[in-house]
Amino acid sequence: MSIKTVGVAGSGTMGAGIAIVAARAGFRTIVYDTRAEALARARKQTEGFFAKSVERKKLTQDQVEKILSGLSGTTDVAALAACDIVIEAVFEDLKVKHGLLAQLNKVCPEHTLFASNTSTLSITEIAAGSGRDERFVGMHFCLPAQLMKLVEMSPGLRTSERSFQAAWDFCKAMGQIPVKTKDSPGFILNYFLIPFNNDAIRLVEAGVAAPADIDRAIKTGLGYAMGPLELLDLVGLDTHLLVAEALHSATHDPRAAVPALVKRMIAAGKLGRKTGEGFYKYQGSAMFGG
């Protein structure tokens with residue numbers, strides 16, 4: 001199964017990062033979103049990311065121009081009919097995913113693989129609404145996708161070996177590092193990360209330490225590149241709420257339950273980098289890294 005054209009459904013932080021990974025690896029990449037303004041924002045952030053890559057001498061201007069020429073955006077779901085694989089990166093809501101996948105199943109040819117970037121929902125349950133559960137694979141990229149190499153690869157109960165192998169080979173062709181996981185809540189990373197991040201939020205909530213000091217302690221003591229509160233601002237508090245609620249619903253782990261502070265911050269519009277303020281304040285919503 002040859003993959004040449006990649007579709008990414010959803011142009012938020014995660015979708016935009018996945019699109020960068022695919023386009024940078026030389027794949028023709030089409031990003032779909034229902035909102036033209038979201039596509040424009042993602043394009044601007046992507047161009048800014050690659051401008052930094054040139055500044056840091058990771059890529060040449062010629063390379064960037066070639067990458068960007070192969071990366072396009074659309075509000076027409078029918079444009080994804082040209083894709084050999086479509087990776088959905090929309091809200092962690094089963095009904096939303098099923099609605100999108102039903103549309104994709106109508107417009108995409110039979111050979112097109114479907115993949116989900118879900119971090120907590122069951123791959124088998126998502127695949128059940130796709131119309132092609134034998135050609136459906138979980139591909140959970142780590143945020144920020146354009147910098148992190150890990151991809152958790154999860155077959156559903158009906159995923160064929162051929163489809164999983166094709167997705168695995170595609171992942172490696174993008175320069176990522178795949179690991180195979182069972183279709184279980186949180187897979188590997190978020191099974192540990194969501195409760196851990198919630199614990200960090202509870203430290204802030206209890207006034208144990210300021211966000212900067214908590215992050216500094218974690219980075220210095222554990223050697224993490226980013227502190228948990230920095231990461232939450234990058235992910236977005238609204239996204240964290242959805243992911244944590246999904247994990248809590250599946251596992252009933254009390255540590256996966258979202259602290260009340262998260263809902264108060266969301267109500268105040270303090271979602272993180274994308275709104276200019278979360279646990280920290282930001283000058284702009286530029287994409288992380290370069």
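Predicted model: local features only at pLDDT ≥ 70, side-chain atom pairs only at ≥ 80, totals over all residues.
View 1. The buried residues themselves are Lys97, Leu100, Leu101 and Leu104. Down the axis of helix 4, they fall within an arc of 100 degrees, so they line one face. An α-helix has 3.6 residues a turn, so residues three or four places apart point the same way.

**View 2. The other face of helix 4, and its start.** Lys95 and Lys106 are exposed, on the face turned away from the buried side. At the start of the helix, a side-chain oxygen of Asp93 comes to within 2.9 Å of the backbone nitrogen of Lys95. Helix 4 covers residues 94-107, 14 residues in total. At 1.5 Å a residue it should span 20 Å, and its end C-alpha atoms are 20 Å apart, which agrees.

View 3. Eight strands line up in the order 3-2-1-4-5-6-7-8, with mixed pairing. Strand 3 (71-74) and strand 8 (177-180) stand at the edges. Each has a single partner strand, so one side of each lacks a neighbour in the sheet. The twist from one strand to the next averages 25 degrees.

**View 4. Strand 1 beside strand 2.** These two strands pair in the parallel sense, over five bridges. Ala9 has Tyr32 of strand 2 as its bridge partner.

**View 5. Asn190 in helix 7.** Asn190 sits in helix 7 (residues 189-205). It is buried, with a relative accessible area of 7%. Beyond residues up to four places away in sequence, Asn190 touches Ser119, His140, Pro195, Val243 and Leu247.

Terms used:
Residues numbered from 1 in each chain as written. Heavy atoms only, no water. Helix = DSSP H or I, 4+ residues; strand = E, 2+ residues; numbered from the N terminus. Expected span 1.5 Å × (residues − 1). Buried < 20%, exposed > 50% of the residue type's maximum accessible area, 1.4 Å probe, protein only. Arc of directions from axis to C-beta. Polar contact = N/O pair within 3.5 Å; in protein donor to acceptor, adjacent residues only side chain to side chain. Contact = heavy atoms within 4.5 Å. Pairing = 2+ DSSP bridges. Axes fitted to C-alpha atoms, helices over the stretch in contact; angles between N-to-C directions.
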